[in-house]
Amino acid sequence: MDNHSENTKRIAKNTLMLYVRMLFSMLVSLYTSRVVLSTLGVEDYGIYNVVGGLVAMFSLVSNSLSASVSRFLTFELGRGDMERLKEIFSTSLMIHLALAGIIFILAESVGVWFLNTKMTIPTERLYAANWVFQASILSFMFGLSSVPFNASITSHERLSTFAYIGILDVVLRLLIVLFIAHVPFQFDKLIMYSLLLVLVGILLQCIYLWYCRKNFEECRFRLYFHKERWKEMSAFAGWNFIGCTAGLLKDQGVNILLNLFMGPVVNAARGIAVSVNTAVTGFAGNFMAAVNPQITKSYAAEDREYMFSLVERGSRFSFYIMLILALPILFETEFILTLWLKQYPEHTVNFVRLVLILSLCDILSNTLIVLQNATGKIRNYQLAVGGMLMMNFPLSYLCLKIGFVPESTLIVGIVVSVCCLLLRLVFLRKMVGLSMFGFLKKVCLNVISVAAVAVIIPAFLTSVITCEGWEHFLLMISISVLCTVLSVYVVGCSKNERAFIIQRACILRNKLMIK
């Protein structure tokens with residue numbers, strides 16, 4: 001119990017540090033996104049969004065290996081085996097360096113051909129698009145090489161490091177935006193923006209490398225070959241490749257489809273929606289970043305009761321956190337976009353709302369994915385769930401080919417997300433004994449009830465109140481947040497959780513009174 005208490009404190013501390021970064025990042029990002037859109041223009045903003053997505057297609061293997069590195073490092077930390085930890089780190093670093101060269105060749109051949117012959121980009125902006133592509137490749141190469149170092153930070157739960165470096169990242173990006181917006185020199189702003197972002201990315205990766213070498217014993221490269229380590233990690237990464245491929249086809253693949261059928265303006269609308277979604281999901285993501293290592297470590301320690309508790313509570317509370325932020329945006333999307341951007345492309349409002357709903361569905365699966373990876377047995381899981389997730393791409397293509405509106409691609413994503421959640425529960429019931437009925441009742445039914453209760457009063461007020469502008473906006477924001485918080489407390493939390501919340505509130509009140 002003492003160990004669990006320490007783990008809970010560590011989760012709370014890490015979450016708090018990440019939220020400090022997130023609040024700062026969100027405020028700056030809201031400003032920088034508006035300036036970038038107005039400075040680059042809708043067309044160039046869409047080009048940057050879709051070309052960067054094209055490069056992400058080449059990171060399929062990188063993402064699968066990143067998941068495997070995090071899993072193996074965290075697992076060995078849970079077992080306390082330092083020698084295996086060193087072997088896994090060095091093996092993963094060798095794999096990533098070799099992989100960087102392979103993907104560079106693919107990007108410079110297949111990627112350049114696809115960009116210049118297949119994508120819908122105005123002829124006069126094709127030169128700038130190629131610069132963006134090359135800059136993105138360079139950024140990706142450095143990011144790929146640093147994956148084992150970032151995975152080490154996560155595995156050691158040094159998430160405050162991510163918080164501090166993340167704040168530095170936001171500040172540097174803000175300076176870049178101010179530079180391209182206000183410096184009176186004549187230059188192609190899209191090209192300059194992409195190049196400066198690359199320099200920031202390289203600088204940050206160098207900081208991560210320096211930190212890991214200074215603080216973690218295993219982060220020392222040793223040139224040796226362990227057949228069993230290579231085989232074990234390659235097998236895990238190979239099967240995980242299916243899920244990563246499916247995830248990127250769902251996001252970047254569909255983004256490219258929208259470019260081919262609709263053009264860069266629709267990509268700009270989707271890019272804006274993704275920016276809003278990133279800001280909102282970041283809050284829940286910070287909470288999950290603090291919880292995920294504990295799930296893997298509790299599995300390695302065979303503490304099943306604590307592990308299942310983390311999985312269920314992690315899913316519920318990450319949904320609650322996101323709902324508190326998402327519900328006001330869902331009701332006030334048009335006002336927020338007008339206040340933020342003044343002018344925005346067609347389809348943006350619907351994209352924002354549907355992307356948030358999709359993320360609310362996806363977030364319920366996050367802890368399930370971590371638990372499945374912790375088992376190391378993912379072949380059948382990836383074949384089934386990854387295969388289902390891949391249906392996003394052909395079904396979206398079919399919808400656009402028939403002539404449906406671009407929003408149909410996100411509706412497809414929502415349906416597929418629910419199907420994937422059910423498949424994950426089926427596999428985890430067999431793999432680790434997770435109760436499918438228990439998860440559906442304690443998590444899914446719980447969050448649906450919370451969301452249904454929270455939406456009643458705001459939906460009613462939207463249809464009856466007559467005030468407009470700021471008065472309407474502030475009223476709806478206040479009511480939506482208040483209703484969601486009350487619904488979470490009354491409907492979502494158990495008796496013990498409500499008692500814990502009251503206890504922590506009393507402690508905080510007493511501290512404030514003493515001061």
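Between which two helices does the loop that holds H347 lie? In this predicted model, the loop in question runs between helix 11 (333–341) and helix 12 (348–362). H347 is not a glycine, yet its phi is positive, at about 80°. A positive phi, near 80°, also occurs at G376, the residue that follows helix 13.

The protein contains 19 helices and 0 strands. Of its 515 residues, 51% are buried. Contacts between residues at least 6 apart in sequence were examined for their separation along the chain, and 83% of them join residues at least 24 apart. The accessible surface of the protein amounts to about 23600 Å², and carbon and sulfur atoms account for 66% of this area.

In soluble globular proteins, nonpolar side chains tend to be buried together. The largest nonpolar core of the model has 113 residues, and the members that touch the most others are V51, Y193, I295, F319, L368, L371 and F439. Helix 10 (residues 304–331) supplies the largest share of this core, with 12 residues. For F319, contacts beyond the neighbours within four places in sequence are made with L360, I363, L364 and V447. Apart from this core there is a second, separate one of 10 residues, with Y381, L389, C399 and F427 among its members.

Helix 13 (residues 366–375) is mostly covered, with 8 of its 10 residues buried. The buried positions are T367, L368, V370, L371, Q372, N373, A374 and T375. Two of these residues, L368 and L371, are also listed among the members of the largest core that touch the most others.

D169 counts as buried because its relative accessibility is 17%, under the limit of 20%. When neighbours within four places in sequence are left aside, the contacts of D169 are with V200 and L204.

M391 is located in the loop between helix 14 (379–390) and helix 15 (392–402). With a relative accessible area of 35%, M391 is partly exposed, since this value falls between the limits of 20% and 50%.

The cysteines were then considered. The count of disulfides is 0, where a pair of sulfur atoms has to lie within 2.5 Å to qualify. The cysteine sulfur closest to that of C361 belongs to C444, and the distance of 9.8 Å is too far for a bond. For C419 the closest cysteine sulfur is in C420, 7.0 Å away, so this pair is likewise too far apart for a bond. As to accessibility, C361 counts as buried, at 19%, whereas C419 is partly exposed, with a relative accessible area of 31%.

Methods. Residues numbered from 1 in each chain as written. Predicted model: local features only at pLDDT ≥ 70, side-chain atom pairs only at ≥ 80, totals over all residues. Heavy atoms only, no water. Helix = DSSP H or I, 4+ residues; strand = E, 2+ residues; numbered from the N terminus. Buried < 20%, exposed > 50% of the residue type's maximum accessible area, 1.4 Å probe, protein only. Contact = heavy atoms within 4.5 Å. Core = buried A, V, L, I, M, F, W, Y, C linked by side-chain atoms within 4.5 Å. Areas by Shrake-Rupley, 256 points an atom, 1.4 Å probe, with all protein chains shown as cover.
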